[in-house]
Amino acid sequence: VMKLNPQQAPLYGDSVITVQLTEEDKVEDDVVFYLVFTGSTVQHCTSTRKINPGSLETISPGHDCCETVKVALCASKEGHPVLIVAEESFQFVQDEAYDAAQFLATCAGNQQALNFTRFLDRSRPPAADVDFLDEKVALAFRHLKLPAEWNVLGADQSLTENIPRETLMHFAVRLGLLRLTWFLLQQPGGRGALSIHNNEGATPVSLALERGYQKLHQLLTEEEAREPDSWSTLSHTVHSGDYSVKHHRGLDVYMLTAEA
C-alpha cells in the first residue's frame, strides 16, 4: 500500500502531496508514475516527480465537492501496459480559508459584516500568519464559482460612489493581504472600490499608505504593477470543453481534470 501525506486537501487544491512507495514499488528510473483521483463527477490525473527512490511528490487538484475519492497510483513504462500499483482513499474538505472566502464573497456589500472584519484588525496576526492567510484565501476565492453579477462592491450598485462605506477592498488592504487585493482588483468593481471613502474618510489607497504597506500601495497605484508572487502564479490552466490541464511550474507537475 502506498502512503499519501496528507490524506486530504482543501477543495481548491494546490497543496503538495507526498507519496511513499513500498519496497517492491521502488523501481528503475524509466518508470513514470501518475495519480488518478476518481470522484463522483470529476476525475483528475496528475503527474509526479521523484524526490528519492522511495517517494514521489505531486500537487493536489482542485475538486468540485467535499467527498472521499479513490486514488490509484499508476505506473507506465514504454512498451508495457499501464499498471495500477496501489490504491488509497483521499478526502477533499472545505477548510477555514474556503469558509472565509465564501463568507467574504457573500458579504461584499454587507456593511455589518464588513464592520465585523474591522474588529478582527485589532488583534493583528503576525506577518507569517498573514502571508499564509493571504495565500490560502486568495486560492480559495479563485476556486469559488462566483455568480456572473458578482461585484466587489456588492449587488447594490445603485449606491452612489460618494456614500461613505466599508468595502472588501478596505478589508484586504487593512490586513495587508497582497494577493487577495490583486484578485479583487481584477474583479468587477475592484478598481471602483479604490476611490471609496469609509466613515473615517479613508480609501483603500490611503490605508495602504498610512500603514506603510509599500508593495500594496504600488499594487493599487501603479499601472504596470504585476501580480504578487504566490503559489497561484506558479500555476497555469488551459480549459477545453469538459477538460482542463494545469501546469504547476514550481514542481513541474501536470494535472488533467475531466468530467467523469
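This is a predicted model: local features need pLDDT of at least 70, side-chain atom pairs count only at pLDDT 80 or more; totals for chains, interfaces and linings use all residues.
View 1. Residues are numbered from 1 along each chain as its sequence is written, and side-chain values use heavy atoms, with hydrogens and water left out. A pocket is an open set of points on a 1 Å grid over the protein atoms alone, where a 1.4 Å probe fits and protein lies on both sides within 12 Å along at least five of seven lines, and its lining residues have an atom within 4 Å of a point. A volume is the space filled by probe spheres set on the points, which are joined across faces, edges and corners.

**View 2. The lining of the second largest pocket has 20 residues.** Asp134, Gly176, Leu178, Lys215 and Pro228 lie nearest its centre. Helix H3 gives the most to this lining, with four residues (helices are DSSP runs of H or I, at least four residues, and strands are runs of E, at least two, numbered from the N terminus).

**View 3. The largest pocket has a volume of about 770 Å³.** Of its 26 lining residues, Gly62, His143, Thr237, His239 and Ser244 are the closest to the centre. Domain 1 (3–94 + 234–259) and domain 2 (96–221) both contribute to the lining, so the largest pocket lies between them; the domain bounds come from an automatic or database domain assignment.
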